[in-house]
Amino acid sequence: MVMQSPTNIKSDDITSDQIRAEQVRITFSSVPASLLAIIINSSLLVVLLWNEIDHSHLLIWFLLTNGLSVVRWQLCQQYKQSGQYPAHERNWYRLLVITIALSGITWGAVGIWLFSQSSVLHQVFLVFVVGGMCAGGVATLSAILNAGRSFLVFAATPIIIQFMLSSHEVANYMMIMSVLFLGMLLASLNRLNKTITATIVEALVSRRQQEIVEREIRYQAEYDESTGLPNRRRLQEILIEEIARASISDSVGAILFIDVDRFKTINYGLGHMIGEDLIVQVGKRLTSHMAAADTISRTGSNEFVVILSDIAANLRLANLPVKDIAIEYHKLLDSPYVIQGHEFHITTSIGVTLFPIENMDAGELIQYAEIAMYEARKDGKTDVLLFSEEMYDSVSQRRVVEKELQLALDKYEFELYFQPQYDRNNEVIASEALLRWNHPARGLLLPDQFLEIAEQTGLIVAIGQWVLRTACEYQAMLEPVSDQKISVNISPRQFGNVRFNEMLNDIIEQTNANPKQLKFEFTEAMLLEPGERASDKLNQLKTQGIEISIDRFGTGYSSFAQLNRLPVDEIKLDRRFVSGIDSSTENAAIVESIVLIAQHLKVRLVAQGIETEAELNYFKGSYCQDFQGNLLQQPVTFTELLASTLK
Ligand code: C2E
Ligand code: MG
């Protein structure tokens, strides 16, 4: 949707119909005052001319004049009831001009029917009353030039003609005065009409600008700017309507929650522009594929939700078609993209929920589709997953973990284990701190079982702070007996915290740790965040003597140029490429290219997750300098680590 800028609105954009509608509105608003003036003046005339003019003439005139007023009053009421901007403006306009002209004629009739040929005093009185009505007409009718003009001309001309026909000398002067007066009133009417029209145009321009601004604000609140698709908020509204429709028509719809996997890595590795281009293309593919009744929405940076309406008559029958549709979407999205001349491959995970389901609102349904998507992604092999009963359990389990995690720090349930990293001479050069949770009921939990939740809830910042403090305390304790470094995994959210470096300095000072004996492990995506922030933070660490390691290398999209700019000391190969390296030619090829990167950057290469002698031998025969894995040493407690160094 292309938005018109409010500053682009000019008076030329205002149509004559819009101006006419305003003129009609203004004129109708002055009808009650006009009618009041008519009833007062017509009554006065009747009273004052009662002894001068034939009663039947007076009464017929009075009834005609005020009868017309009744018609005008009713018209005014009908106009008001039809709303502020009723349709058929032209009809209202015509009716106004006709009834006002008729009103002019009734006042013109005064000059014919009620004109006293004998009494100059009465003639003067008539001139005053009709003149007053004409002057009032200028004030109330100037919005519509035709109405005002016809009123003035019809009301004033008969009196002027009467004076013209009269042989009385004063009458000639009266005629000249009346013509001059009429001319002046017509000129004023013209001028006033111009001013009113200009004010109307100005008001319409500013109203239009305001409407555009309001529409833009509404659009921004409800639509995603890059793809033009509805956002999560709008989606929720649409889904509420869809659920209601499905309940009434006894049909079943579905929600597909689509996630573009590892989008952050693409975004940081190749740049935000390419990331957004990719998302726009994904959005276009989805839109081109959807049925007319379906809705596609972008709910997050790399998330889309599709609402499919009316896919089956009941929930049981819906499973098969929805899976087929989801697989079609999956195939459609996973075929290569071309962005800025480069071919690109992505993978997607899709979670599905059906609706309507009793007692489940729109928000919950989207959440369940999202959970199904997470499960699909976690699984790694399944791309499309339907939300199931078991997932309810995992959701509630997740909520329990969330609650328990919040208390675990206070209850001292966390512990650090250490896994040594060996050099080619089998010397321990560093030990990696690995977090464990001594759960009171479930025993020792590995990071896989709670770290993602900690990251999502933000608890990772506090937990990471505890890890850093404990690792620093242990480093200070190890310092006198071993020169091995302590390696700490740093989470994205923890590193992204603006107070990260400040908090680290406080910890180092309080624990007396030696920063030169510390090593921090970051993932590729974290370091390649655009802008100077990440590299500034890293340089600060580097100047303190802390070593920088890139963990799980090979899963991102980092380029030489980007890595070259960062103060990296070490690259740790992702465990996926280490496992079975001796028999996998595909992994060997990847490892060889990573070796080239490490050589080019002049950094150490670490093979982690070594489980077999064959793997160890393979890496010993390559450029790798350091080795880590269960074959060499499984993670141990700090006491055990300390004991092994003292041996
Ligand atoms: P990582 O940084 O890649 O750590 C290495 C993981 O590989 C550890 O898993 C370790 O126990 C495991 N490992 C080492 N040798 C072998 C092997 O020979 N075979 C197999 N199968 N696995 C091996 P762990 O302790 O479960 O940690 C998993 C991940 O959790 C870590 O991966 C790290 O990314 C994260 N993590 C651990 N502790 C922390 C922490 O204190 N803070 C943060 N932010 N993340 C942490
Ligand atoms: Mg690590």
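**A sheet and its helices**

Modeller: Helix α8 (residues 232-249) lies across β1 (252-260), β2, β3 and β6 (348-355), and runs at about 10 degrees to β3. Helices (H or I, at least four residues) and strands (E, at least two) are DSSP runs, numbered from the N terminus. Angles run from 0 to 180 degrees between N-to-C directions, with axes being lines fitted to C-alpha atoms, for helices over the stretch in contact, and contact means heavy atoms within 4.5 Å. Helix α11 (residues 315-334) also packs on the sheet, where it touches β1, β2, β3, β6 and β7, and its direction makes about 155 degrees with that of β6.

This is a predicted model, in which local features need pLDDT of at least 70 and side-chain atom pairs count only at pLDDT 80 or more, while totals for chains, interfaces and linings use all residues. Residues are numbered from 1 along each chain as its sequence is written, chains are lettered from A and ligands numbered from 1 in the order in which they are written, and side-chain values use heavy atoms, with hydrogens and water left out.

The sheet itself is open and has five strands in the order β2-β3-β1-β6-β7, with mixed pairing; two strands pair if DSSP finds at least two bridges between them. At its edges lie β2 (295-300) and β7 (384-386), each of which pairs on one side only, and from one strand to the next the twist averages 25 degrees.

Now for the helix pair. The axes of helix α5 (residues 120-141) and helix α7 (residues 169-222) come within 9 Å and cross at roughly 10 degrees, which makes α5 roughly parallel to α7 (under 35 degrees counts as roughly parallel, over 145 as roughly antiparallel, 65 to 115 as roughly perpendicular and the rest as oblique). From α5, the residues Val124, Val127, Gly131, Cys134, Ala135, Val138 and Leu141 meet Met174, Phe181, Leu185, Ser188, Leu189 and Leu192 in α7. The residues of this contact between α5 and α7 divide into 11 nonpolar, two polar and no charged, where Ala, Val, Leu, Ile, Met, Phe, Trp, Tyr, Cys and Pro count as nonpolar, Asp, Glu, Lys and Arg as charged, and the others, Gly among them, as polar.
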